[in-house]
Amino acid sequence: MSTENGLSKRFEITGGDFGKAGSISTKIKEILQEIGINSTIIRRTAIATYEAEMNVVMYAKKADLTLHLTPAEISIRVYDEGPGIENIEMAMQEGFSTATDEMREMGFGAGLGLPNIKKNADRFEISSTPGKGTALDITIYLNQEGKK
Amino acid sequence: MTLKEIKKLLQAEVIYGIDRLEEEIQWAGGSDLMSDVLAFGKPGILLLTGLTNAQSVRTANIIDAKAIVYVRGKKPDKEGIKLAREKEIPIFSTKYMMYTACGLLFSHGLPGVSKIQNNK
């Protein structure tokens, strides 16, 4: 789990497993709390991770989620195997959603997920190949001086 | 407003957190849509919701909500109650519907999260 360059932990998210959806983000929040990270930074990380986790559960087959923590930043990478996103620009707009009724019954699918990840991240990169999957790179700086 | 006052105003049943009634709540927000709660919720809020699955508690935990009130006599599922205990998030159930529950709290001086945003 620990490396010379900080802490790394890998999790697997199963698509369609609505019962467990959110449990990895909850775990990551616990890890960051144990380390003693600032609560605002934990909250931003937890929200971004939760949104990413829900997206995998709702849309993808499975995904690898990696938490990487260095003295400078928290990085969350989510690489999924799934349908991918045809139009990222559109998916980044608040309110755009392709959610099903089941997703909405879970309280999700309002088209706020990706914009909310971007809002909570200091750096956010997304790339997608339709038919293959989507990759998210979320970075939150630990030193917030001069940052958002 | 304390959780005790909230319990009284909403004639609510305490599902978990009977020993936490003296705690103060400064803001509240009501939604069944967890996407909205994640996007607009603030730390320390009281969350009013009609969504009873475990996601309601997971979301409350993620945004650092202080307590949850389930409206219209609803109660969270077993998984939700278990998580609330683990995360020590007090949970209540009121027979009032969402609009009335929110209205009662607001009219007795508990502001909404939008007030925090406006005061920024």
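Figure 1. Strand E3 (residues 46-49) and strand E4 (residues 67-70) of chain B pair in the parallel sense over four bridges; two strands are taken to pair if DSSP finds at least two bridges between them. Helices (H or I, at least four residues) and strands (E, at least two) are DSSP runs, numbered from the N terminus. Thr49(B) has Tyr70(B) in E4(B) as its bridge partner. Between E3(B) and E4(B) the chain passes through H3(B), and this β-α-β crossover is right-handed, a term used if, with the strands pointing away from the viewer, the path from the first strand over the helix to the second runs clockwise. E4(B) also pairs in the parallel sense with E5(B), over three bridges, and Ile68(B) stands opposite Ile91(B) in E5(B). A right-handed β-α-β unit is made by E4(B), H4(B) and E5(B). Both faces of E4(B) are covered, with Ala67(B) and Val69(B) buried on one side and Ile68(B) and Tyr70(B) buried on the other. Buried means under 20% relative accessible area, exposed over 50%, and partly exposed in between (1.4 Å probe, protein chains only).

This is a predicted model, in which local features need pLDDT of at least 70 and side-chain atom pairs count only at pLDDT 80 or more, while totals for chains, interfaces and linings use all residues. Residues are numbered from 1 along each chain as its sequence is written, chains are lettered from A and ligands numbered from 1 in the order in which they are written, and side-chain values use heavy atoms, with hydrogens and water left out.

Figure 2. Among the buried residues are Ala54(B), Val57(B), Arg58(B), Asn61(B) and Ile62(B). Their cover includes helix H1 (23-35) and H2 of chain A, together with helix H2 (34-40), E3, E4 and H4 of chain B. In the loop between H3 and E4 of chain B lies Asp64(B), which has a positive phi of about 65° although it is not a glycine. Asp64(B) counts as partly exposed, at 26% relative accessibility.

**Figure 3. The buried side of helix H4 of chain B.** In H4(B) (residues 78-87), the buried residues are Gly80(B), Leu83(B) and Ala84(B). These residues lie on the same side of H4(B) because they cover an arc of only 105° around the axis, the arc being that of the directions from the helix axis to the C-beta atoms. They pack against strand E1 (13-16), helix H3 (54-62) and strand E5 (91-93) of chain B. Just after H4(B), Glu88(B) takes a positive phi of about 55°.

**Figure 4. The surroundings of Thr94(B).** Thr94(B) is located in the loop between E5 and helix H5 (98-107) of chain B and is buried, with a relative accessible area of 0%. Leaving aside neighbours within four places in sequence, its contacts include Leu10(B), Ala12(B), Val69(B), Tyr70(B) and Ala101(B), where contact means heavy atoms within 4.5 Å. The C-alpha atoms of Thr94(B) and Lys75(B) are separated by 9.0 Å, and the two residues are 19 residues apart along the chain.

**Figure 5. An aromatic pair in chain A.** A search of the whole structure finds one aromatic pair over all chains. Tyr50(A) and Phe108(A) form this edge-to-face pair, at 5.8 Å centre to centre and 85° between the planes. Rings of Phe, Tyr and Trp (its six-membered ring) pair if their centres lie within 6.5 Å; planes under 30 degrees apart count as stacked, over 60 as edge-to-face and the rest as tilted. The pair links distant parts of the chain, 58 residues apart: Tyr50(A) belongs to helix H2 (residues 39-59) of chain A, and Phe108(A) to the loop between helix H4 (101-105) and helix H5 (113-120) of chain A. Both Tyr50(A) and Phe108(A) are buried.

**Figure 6. The contact between chain A and chain B.** The contact takes 26 residues from chain A and 21 residues from chain B. The area buried between the two chains is about 1800 Å², of which carbon and sulfur atoms give 52%; buried area is the accessible area (1.4 Å probe) that two parts lose on being put together, summed over both. Lys29(A), Arg43(A) and Tyr50(A) supply 31% of the area that chain A buries against chain B, more than any other three residues.
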